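Please look through the sequence and the three-dimensional model shown here, and keep both in view while reading the report that follows.

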Amino acid sequence: MELCKQLSYERSLHPGKAVFYYKTESSEFEPLEIATSRIRGQKSSYTEAFSANGAPKNLQPQDLAFSNPVTLESCYVPPLVNEVCCRFSLRVLANSLEPAICSDSGVRQQLKELAASYKKAGGYAELAKRYSKNILSGRWLWRNQQSPRIDVEVVTSNDNTYKVTNGHLFDWHANQ
């Protein structure tokens, strides 16, 4: 099989936007607020005033006086909140069964046959198992290895619920 001029697959995992929130005695859903700060940083790069060979550029002083505007977003957990939750959607599509774009119909057919053989050999079942373990372990969470406890709950589109407590401590290599 020769490579064709155009070959492209679409991704199969489509995560939605996430919301981070916490629970209180009076509410099950309090979103964390984002604080936005705007600063005017100085342009202080060597290349602003000097060329690559080290010679000064022909500039006026006001040319170097422009600021470098930066927007910083941060989020803080309120005091006395012990638990932060994250909720997002994840759509799983079968986009690897054939290319989205392929300029050669023979190559397209060979790739479809490869995907069918992969499915027959249990490849997609193994991928689903690995994706599930990675999602339920919480390893995708920022710095979760330093967290005292990570609980992950997955609710599927047909309302099945899977929950793992302390997923980062679970033995994921055990046969289950």
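A polar contact is a pair of N or O atoms within 3.5 Å; within protein, one atom must be able to donate a hydrogen and the other to accept it, and residues adjacent in sequence count only if both atoms are side-chain atoms. The structure is a predicted model, in which local features need pLDDT of at least 70 and side-chain atom pairs count only at pLDDT 80 or more, while totals for chains, interfaces and linings use all residues. Residues are numbered from 1 along each chain as its sequence is written, and side-chain values use heavy atoms, with hydrogens and water left out.

**Two side chains and one backbone oxygen**

The side chain of Asn95 reaches the backbone oxygen of Arg11 at 2.5 Å, and the side chain of His14 reaches the backbone oxygen of Arg11 at 3.0 Å. Helices (H or I, at least four residues) and strands (E, at least two) are DSSP runs, numbered from the N terminus. In these terms His14 belongs to strand β2, residues 13–15, whereas Asn95 sits in the loop between β8 and β9 (101–102).

When neighbours within four places in sequence are left aside, His14 is in contact with Ser89, Leu90, Arg91, Leu93 and Asn95.

**Accessibility of selected residues**

Buried means under 20% relative accessible area, exposed over 50%, and partly exposed in between, with a 1.4 Å probe and protein chains only.

| Residue | Relative accessible area | Class |
|---|---|---|
| His14 | 16% | buried |
| Asn95 | 18% | buried |
| Ser117 | 47% | partly exposed |
| Asp159 | 63% | exposed |
| Leu80 | 85% | exposed |

**Strands and their pairing**

Two strands pair if DSSP finds at least two bridges between them. An open sheet of 3 strands has the order β4-β3-β7, with antiparallel pairing. Because β4 (30–31) and β7 stand at the edges, each with a single partner strand, one side of each is left without a neighbour in the sheet. Between β3 and β7 there are 3 bridges, and Val19 stands opposite Arg87 in β7. The antiparallel strands β3 and β4 are joined by 2 bridges, and the bridge partner of Tyr22 is Glu30 in β4.

Elsewhere, β10 and β11 pair in the antiparallel sense over 4 bridges, with Val155 opposite Thr161 in β11. These two strands, β10 and β11, form a hairpin with 5 residues between them, and Asp159 in the turn has a positive phi of about 65°, although Asp159 is not a glycine. Leu80, in the loop between β6 (67–75) and β7, likewise has a positive phi, near 70°, in a residue other than glycine.

**The largest pocket**

Rolling a probe the size of a water molecule over the atoms shows where empty space is left. On a 1 Å grid over the protein atoms alone, a pocket is an open set of points with protein on both sides within 12 Å along at least five of seven lines, whereas a cavity is a set of points where a 1.4 Å probe fits but cannot get out; lining residues have an atom within 4 Å of a point. Grid points are joined across faces, edges and corners, and a volume is the space filled by probe spheres set on the points.

The largest pocket has a volume of about 2,200 Å³. Of the 50 residues that line the largest pocket, the closest to its centre are Cys86, Phe88, Trp140, Val152 and Glu153. Among the elements that each supply at least two residues of this lining are β3 (19–22), β7 (85–87) and β10 (152–155), while α3 gives the most, with 7 residues.

By class, the lining of the largest pocket has 32 nonpolar, 9 polar and 9 charged residues; here Ala, Val, Leu, Ile, Met, Phe, Trp, Tyr, Cys and Pro count as nonpolar, Asp, Glu, Lys and Arg as charged, and the others, Gly among them, as polar.

Conventions
Contact means heavy atoms within 4.5 Å.
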